[in-house]
Amino acid sequence: MPRTARAHAMNEPPNILILGIGNVLWADEGFGVRAVEALAGRYRFGPNVRLLDGGTQGIYLVDQVRWTDVLVVFDAVDYGLPPGTLKRVEGAEVPRFLGAKKMSLHQTGFQEVLALADLLGEYPQHLLLIGVQPVELDDFGGSLRPPVKACIFPAIELALEFLAGFGVHGEPLDGNPGRLVDLPDPALSLDAYESGRPSEATACRVGDPRVLAAFGGA
Amino acid sequence: MSIKTPNGFTLDSSGTRVVVDPVTRIEGHLRVEVNLDADDVIRNAVSTGTMWRGLEVILKGRDPRDAWAFTERICGVCTGTHALTSVRAVEDALGIAIPENANTIRNIMQLTLQSHDHLVHFYHLHALDWVDVVSALKADPKATSTLAQSISSWPQSSPGWFRDVQNRLKRFVESGQLGPFMNGYWGNPAYKLPPEANLMAVAHYLEALDFQREIVKIHTVYGGKNPHPNWLVGGVPCAINLDGTGAVGAVNMERLNLVSSIIDRTIDFIDQVYLPDLLAIASFYKDWTFGGGLSSRSVLSYGDIPERANDNSAANQCLPRGAIINGNLKEVLDVDLRDPQQIQEFVAHSWYSYPDERKGLHPWDGVTEPNFVLGPNTKGTKTNIQQIDEGDKYSWIKAPRWRGHAMEVGPLARWVIGYAKGIPEFKEPVEKVLTDLGLPVTALFSTLGRTAARGLEASWAVHKLRYFQDKLVANLKAGDSSTANVTKWDPSTWPKEARGVGTTEAPRGALGHWIVIKKGRIENYQAVVPTTWNGSPRDPAGNIGAFEAALLNTPVAVPDQPLEILRTLHSFDPCLACSTHVMSPEGEELTRAKVR
């Protein structure tokens, strides 16, 4: 497919989307969303930069990707590396790592989101995936495991470094965040989410891991 | 060996077992096993929800006013409808009345979801069960243009446009990057459309993909943000100031006009593209009459889209409420979600324990105690199941029943109920479609009927959207700009203990949340989602659920290509929600069909 670069006036800055994807209710699956939440809480950007909690949305994100010249994705990715490893992947390699992951909207993978944007003739010129190898996914209502949580700020540093190459610099926040498209409701913020979790004695947590393991090799 | 179920189906589990796992292009994890007879006709079907979820696990002890934000995250598709159901449950428990504008805006949010979800489901999740994308490459663009112009006045229909789409598709396929088209069984003899109809559908797949982004802007206007709009117990978190200016801050006349123009364009798209395509595709599949399942016997709807605020009577619901059992369309029965005898969940075939598993439990008394055991006829091991034993426990989905009956929920259920009640805005479009296609009313009870009901409902929803948008503007102009009632916001105003139920008709069917509040905190929270109804396993009496019933007696053209199975399952728009599980770059991608 020919990839159409969006026409820009000479000095117009590129459209930049910083996207966190995943489900905050499933432990390390929430990494991408938590990284964007943390970034938005500490830096602000100009009007050409969007910060988005993409959650597990599929087709909705196609439109966001079509708008984008420079795409930065935070996500939990199975690289086959030791748990808690942070790794960046750039450019044409990105879809390969997102390929098998079934995000949502009826298992629309993010690779599919990229493919649909491509099919519509609008594809980001630059892609960066900042992924962390998860420790635990199958813990409904659980939060990030410590090694994964420890990757949030290094991940943000990688993003800022990459964005600097496009002349984009986050300013430390003075209470006036930049162009936020969507961030988790305060009730879902990392602290509230973790402190409000029912105890294991109150609400039984087992179930999913066993059955997924049971069917995994079927 | 064949057995007859109490709800009238014959099951025969001899013959070849075929396993489809996972079922793709759906939300969540679903496995299906079927038995094919010597003629490759399905004679037994077993639907297994392979994933466990209990909302109480995340909600117990939390603030009921925050529950919507959590329920919005359990699923990537029904975000808003779970949130709405949740705030309704809390308001019901606490006796909170909402302003008229809040009811209208909630209806607008819900109808926007219906319109958007149905459109996206048809083109991007379901059409590929009927449309052979690769065959579109062989189409003559000029003949495609003639076909398109014969069925609709939609302006984008020139030979040049279809040639352009075909070239784009060709480049896409040749690049080896099949992306969304990767999982198709292209060339399967169960595909019946001529190349031109396939190309027209692919072109509209792209147009719909481009257009759908317009519809969701309505959520941003009233919900403040997207894809996860804000909700509020007591109303809507949406200030309105007709005289305000600018794109931020309170909703003003400019924003209301934006919504209005989006609605007009959506009406055009659904009525001029979606519905004509639906009829055109259906006309080639008129003899594919399979997949009716429970729809001609037992259907259920909770009703939704209340005309006026704070009136939960059946008469006040624009989408009809009711239950039909034993195929008696002459009588639509009343549904009461509080009655402990009506809705009950059973676990005899689900991986949970009850003190007495012959009995069902009403959701307010719901117990979620996992118990993962496999029956003696299971093939394989606990960690590598080759074949499930449906004689024992076999699913993580509970089996909800209405007065003991397995029920189908969703667009077809709602439209059968509207039709049976004789409500003109449901009855007349159904009759028109049947007349146009030259089909008897029995044709409604099929996979195609389910798909058609969804299309008719998309059109109904977007026209209702117009109605409620106009109603909102009229009420605002009359001077009422109230959108929230916060008199009971403070927990000190609440009773020590309260329980409530909230419902919606989600795009894919009846959704209920049951909440128990104690000392200002959530004591218990149970959700019965549409796919719990449709995907339910058997109950202690042996009644089969909607998925299993719908698959029976369907011939499969190529046994290791489960196209017909996917076609029928997708027609329910299943949503088993709600996690995303990371797999390796080389991980499982395609639906596996295993013939055993």
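Helices (H or I, at least four residues) and strands (E, at least two) are DSSP runs numbered from the N terminus.

A word on the model itself: it is predicted, so local features need pLDDT of at least 70 and side-chain atom pairs count only at pLDDT 80 or more, while totals for chains, interfaces and linings use all residues. Residues are numbered from 1 along each chain as its sequence is written, with chains lettered from A and ligands numbered from 1 in the order in which they are written.

Back to the sheet. Strand 12 of chain B and strand 13 (residues 509–518) of chain B share 10 bridges in the antiparallel sense, and B:Ala506 sits opposite B:Gly509 of strand 13. Contact here has a plain cut-off: the C-beta atoms of two residues, placed from the backbone, lie within 7 Å.

Elsewhere in chain B, strand 8 (residues 343–346) is covered on both faces, with B:Ile343 and B:Glu345 buried on one side and B:Gln344 and B:Phe346 buried on the other. A residue is buried if 20 or more other C-beta atoms lie within 10 Å of its own, exposed if 12 or fewer, and partly exposed in between, with C-beta atoms placed from the backbone. In a regular strand, side chains alternate between the two faces of the sheet. Strand 8 of chain B is joined by 4 bridges to strand 11 (residues 399–402) of chain B, and the two run antiparallel. Within that pairing, B:Gln344 has B:Arg401 as its bridge partner.

Helix 5 (residues 141–151) of chain B has as its buried residues B:Pro141, B:Thr144, B:Ser145, B:Leu147 and B:Ala148. Down the helix axis these fall within an arc of 165°, so they line one face of helix 5 of chain B; the arc is that of the directions from the helix axis to the C-beta atoms. The cover over them includes helix 6 (159–174) and helix 7 (195–215) of chain B.

Two loop residues of chain B have a positive phi without being glycine. B:Asp40, at about 60°, lies in the loop between strand 4 (30–36) and strand 5 (42–49) of chain B, and counts as partly exposed because it has 16 C-beta neighbours inside 10 Å. B:Asn326, at about 55°, lies in the loop between strand 7 (317–324) and strand 8 of chain B, and counts as exposed because it has 10 such neighbours inside 10 Å.

Over in chain A, A:Ser143 belongs to the loop between strand 6 (126–132) and helix 5 (146–149) of chain A. A:Ser143 counts as buried because it has 22 C-beta neighbours inside 10 Å.

How values were computed. Two strands pair if DSSP finds at least two bridges between them.
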